[in-house]
Amino acid sequence: MKEIILIKNGELALKGLNRNSFEDKLIKNMKQRINVLGEFEFSKSQSTIMVDPVNEDIDLDDAVDMLSKVFGIAALSRACVCEKELGAIQQTACDYLEEQLEEAKTFKVEAKRSDKKFPLKSPEICREVGGYILSRFHNLKVDVHNPDVVVTVEVREKYAFVRGNNIKGAGGMPTGTSGRAGILISGGIDSPVAAYMMAKRGVELCAVHFASPPYTSELAEMKVLELLRRVAKYSGVITTFVVPFTKLQEAIRDLCPEEYFTIIMRRIMMMISERIAKEQNCSALITGESVGQVASQTMYALACTDCAVNMPVFRPCIGMDKEEIIAISRKIDTFETSIQPYEDCCTVFTPKHPKTRPQIDDVLKAEAKIENLDELIEDAISTARKVIIR
């Protein structure tokens, strides 16, 4: 039996005249994700993309697993190719889906007839194939509302395809169709979730991480890179910059009022990230902040942070509570890594009584005490280390 993978692209069908460019980008992303497994051929037909393995030894289980994490795919399924003849379709449905049908109690048949020359209409295909399955599997009953197995027959121009239940895809938009943005990534729970959520809307990611040795360890940096690898399973390649931040944090500690430590640190991180983002052709910044979660994430503090940059700042977690964020982190397999006890620079020199309602004039006055701030920022950017995450 020849097997292929059928891809349903969901909301891309609504893109009108731009639909082809979105589908082409999706195909490019799929190729990049599964080319390690072997050679595949891709073809488009209506709202379906067909992925045909060229080599017989390709592991389709691995291919399906990888493709299920590609943004822009609403659903996918393995399917068997057969001749456009009723007897062949009936036999293929029973043989190809034998294991699923033996374990199920209920089923139904759905049919899609793209080739209008095929002698049977869709309801007739459903009736004939369903009757044949019932004659072969006496454990089954028909349930058109909530069946255990949906047998789908697609009759196209050259061949027919038979498949079982769909596998839910990652959804969203193909990565790269909505521009490029820089994500400020820490070792916590929130920022990997924010990265995932923006990538799901088609944003290509560039990451910036701040390291402050000896106050932060090499293990903390390794933890962040591992988090990015897990996000990259969905987003694709993430160009990452590890920025040395020790001198800047020490300057904040030595020269600025303690209650402003965190807000000034966040502002400087934003300034550096904006510079790197512009060099990487990004149009926005992303953070994992949520209103009121910590002292630096009050509306007043966020307003002072945003004043440090001219780029738009996206905060996809802004209205979510911690449990909602944790649920997504578990879904994308970043939670267990995020809670490893290796602290990042956001926990260094934390003030005992941070300012929760800072005013921008007071923040700028406190920040101005770092007279060589521009020089320190330039040094941090010039010594940043580039890492490619796949």
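Student: Is K108 buried or exposed?
Tutor: K108 is buried, with a relative accessible area of 18%. Buried means under 20% relative accessible area, exposed over 50%, and partly exposed in between, using a 1.4 Å probe and protein chains only. This is a predicted model, in which local features need pLDDT of at least 70 and side-chain atom pairs count only at pLDDT 80 or more, while totals for chains, interfaces and linings use all residues. Residues are numbered from 1 along each chain as its sequence is written, and side-chain values use heavy atoms, with hydrogens and water left out.

Student: Which residue forms a salt bridge with K108?
Tutor: The partner is E110, and the closest N and O atoms are 3.1 Å apart. A salt bridge is a side-chain nitrogen of Lys or Arg within 4 Å of a carboxyl oxygen of Asp or Glu. E110 counts as partly exposed, at 31% relative accessibility.

Student: How many salt bridges does the structure hold?
Tutor: There are 28 salt bridges in the structure. One of them joins K8 and E154, with 3.3 Å between the closest N and O atoms. This pair links distant parts of the chain, 146 residues apart: K8 lies in strand β1 (residues 2-8) and E154 in strand β7 (residues 149-155). Strands (E, at least two residues) and helices (H or I, at least four) are DSSP runs, numbered from the N terminus. Both K8 and E154 are buried.

Student: And what about D190 and K322?
Tutor: Their side chains meet in a salt bridge of 2.8 Å, N to O. D190 lies in helix α6 and K322 in helix α11 (residues 322-331), so the pair ties together parts that are 132 residues apart in sequence. D190 is buried at a relative accessible area of 10%, whereas K322 is partly exposed at 30%.

Student: Which residues do salt bridges that share partners join into one network?
Tutor: That network consists of K8, E154, R156 and R163.

Student: Changing topic, how many aromatic pairs are there?
Tutor: The structure holds 4 aromatic pairs. Among them, Y196 and Y234 are edge-to-face, at 5.2 Å centre to centre and 85° between the planes. Y196 is in helix α6 (residues 190-200) and Y234 in helix α7 (residues 218-235), so the pair ties together parts 38 residues apart in sequence. Rings of Phe, Tyr and Trp (its six-membered ring) pair if their centres lie within 6.5 Å; planes under 30 degrees apart count as stacked, over 60 as edge-to-face and the rest as tilted.

Student: Are Y196 and Y234 buried or exposed?
Tutor: Y196 is buried, with a relative accessible area of 4%, and Y234 counts as buried at 10%. F71 forms one aromatic cluster with Y196 and Y234.

Student: Which residues have the most contacts inside the largest nonpolar core?
Tutor: They are F245, L248, I264, I268 and I272, in a core of 40 residues. Its largest share, 11 residues, comes from α9. A nonpolar core is a set of buried Ala, Val, Leu, Ile, Met, Phe, Trp, Tyr and Cys residues joined through side-chain atoms within 4.5 Å.

Student: What does I272 touch?
Tutor: Not counting residues up to four places away in sequence, I272 touches F210, V243, F245, L248, I377, A380 and I381. A second, separate core of 35 residues includes V224, Y234, I238 and M320. Contact means heavy atoms within 4.5 Å.
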